Amino acid sequence: MVLVESVTRAGQSMVVCGRQSREDDPSPSGSAAPSTPHSPARPSRPQGSGHVQAEPESPRLAKFHVPEIVFGPGSLAEAAHAAARLGARRPMLVTDEGLLAAGWPDQLLHHLADGGMDATVWSGVTPNPKDHEIAAGHEAYRAAQCDVLVAVGGGSVIDAAKGIALLAGNGGVITDFEGVDRMVAPIPPMVMVPATSGTGADVSQFCIVTDTLRNTKITILGRALVPDVSVVDPHLLTTMPDWLNAATGLDALTHGIEAYVSRAHNPLTDHHALQAISLVGGHLERTMDHPLEQESRTHMAQAALEAGLAFTNAILGAAHAMSHQVGGLLDLPHGVINGILLPHVVRFNAAPDPARFVPIAQALGFPGEVGRSCSQALAEDAAEWAACEVRRLADELGVPKGLSEIGVTAEDLPTLSTMTMADACLSTNPRDADRADIEALFRQAL
Ligand SMILES: NC(=O)c1ccc[n+]([C@@H]2O[C@H](COP(=O)([O-])OP(=O)(O)OC[C@H]3O[C@@H](n4cnc5c(N)ncnc54)[C@H](O)[C@@H]3O)[C@@H](O)[C@H]2O)c1
Ligand SMILES: [Fe+2]
């Protein structure tokens with residue numbers, strides 16, 4: 001519960017303090033119960049009526065952290081202005097080979113030079129960034145006496161930039177910082193330009209790094225890792241290959257769903273989570289068919305951004321806790337793994353309490369009529385529909401049906417399950433899951 005205590009201690013008192021009773025439901029959906037199954041102070045739900053009432057939710061303290069955001073097609077140049085505002089003279093531009101080939105870092109270099117800044121480019125990151133890559137990036141940062149980090153890339157590049165910033169301020173080895181708020185000293189300013197519509201790393205307090213000694217991905221979490229400025233330019237999304245668009249869109253969907261049902265959700269995060277779910281449901285497929293269409297790319301950029309705002313404040317759940325282990329073992333696209341796992345985790349979480357999944361189903365286009373109070377049976381239908389809809393979308397996007405198709409074997413499952421239990425994201429999953437539950441979920445997803 002360390003993570004839950006951490007995210008609640010600054011005012012998100014849901015788990016520690018519980019809620020007061022209240023007649024009206026201030027949640028944006030207003031149509032179903034915001035619930036926190038299994039959280040210690042959860043209010044009891046009337047049993048046996050066969051109806052799911054909109055659960056009273058009291059106004060409670062909620063802290064919501066967010067970087068400065070510049071959003072819109074053509075906004076890339078703003079990243080240089082932001083770096084200048086943050087005092088950059090010798091910024092490090094972190095990127096990777098794929099982005100260099102797409103040409104976006106070159107454009108930003110020109111903008112930085114126009115602003116009188118002498119940037120050092122470092123592109124030694126690979127997908128699922130490795131601990132030793134971050135050490136190398138830190139060395140380059142020190143050698144060039146850089147002062148600000150600017151990143152153009154997907155979640156891997158952005159996480160690498162965060163890792164470099166963390167080491168620049170604190171020294172040491174990146175894996176020492178696994179967990180919550182382990183960094184003590186201030187870190188250099190960060191400007192992030194996401195090039196994929198998925199991770200939300202440009203607004204999040206997470207940094208996910210592959211620990212190459214243990215073959216797992218570690219989660220480093222802390223408010224200091226929230227970037228100073230996020231510049232979201234949907235033009236950058238047009239050079240993504242289809243598989244990456246599909247994977248990152250499913251990642252954003254997983255962020256929205258896990259944040260909405262998280263034990264640490266609050267009304268501020270709910271709003272962004274549902275909006276992200278609805279935008280992915282409405283626009284991801286269209287971006288696959290019309291990759292150059294600005295409108296749908298802009299909607300997907302907004303989806304990733306809002307999903308990021310939701311999950312960085314509400315944290316995630318079992319799908320991510322499990323996905324990190326598979327991604328660390330097999331170095332596969334994070335969003336593809338999420339897409340395979342998510343329907344199984346939705347069913348697991350909805351089984352004891354489907355109500356919270358009704359607004360999710362509605363955001364995805366559930367055709368059933370749902371009022372403020374719906375029957376238990378209808379809530380179960382909605383949750384099952386949502387799980388099937390996620391799988392339908394994954395099928396449309398060409399995501400493999402099971403983990404075995406991407407190289408996971410039955411022999412891997414015990415280790416993957418044990419390691420999942422230590423992942424920070426599991427502590428905010430709405431339903432308690434022990435090691436046997438996690439292994440059963442892995443078997444279902446195999
Ligand atoms: N920090 C967080 O909050 C957070 C959240 C979710 C996921 N993640 C992490 O993010 C990583 C995944 O990031 P990702 O899915 O964005 O992909 P990625 O950064 O791993 O990039 C994958 C590949 O796509 C290429 N690419 C990216 N954008 C491109 C573009 N616009 N045009 C052409 N090529 C492009 C890259 O060069 C790279 O080769 C994982 O390590 C995951 O764990 C972090
Ligand atoms: Fe993710």
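Tutor: The questions below take up a few labels and the values behind them.

Tutor: This is a predicted model, in which local features need pLDDT of at least 70, side-chain atom pairs count only at pLDDT 80 or more, and totals for chains, interfaces and linings use all residues. Residues are numbered from 1 along each chain as its sequence is written, while chains are lettered from A and ligands numbered from 1 in the order in which they are written.

Student: Why is Asn128 called buried?

Tutor: A residue is buried if 20 or more other C-beta atoms lie within 10 Å of its own, exposed if 12 or fewer, and partly exposed in between, with C-beta atoms placed from the backbone. Asn128 has 21 other C-beta atoms within 10 Å, so the label is buried.

Student: What makes Asp181 partly exposed?

Tutor: Asp181 has 15 other C-beta atoms within 10 Å, and therefore counts as partly exposed. Its phi is positive, about 50 degrees, although Asp181 is not a glycine.

Student: How do you know that the span of helix α10 agrees with its number of residues?

Tutor: Helices (H or I, at least four residues) and strands (E, at least two) are DSSP runs, numbered from the N terminus. The expected span is 1.5 Å times one less than the number of residues. For the 21 residues of α10 (residues 294-314) that should be 30 Å, and the end C-alpha atoms are 30 Å apart, so the two agree.

Student: Why is α10 called largely enclosed by the rest of the structure?

Tutor: Because 18 of its 21 residues are buried.
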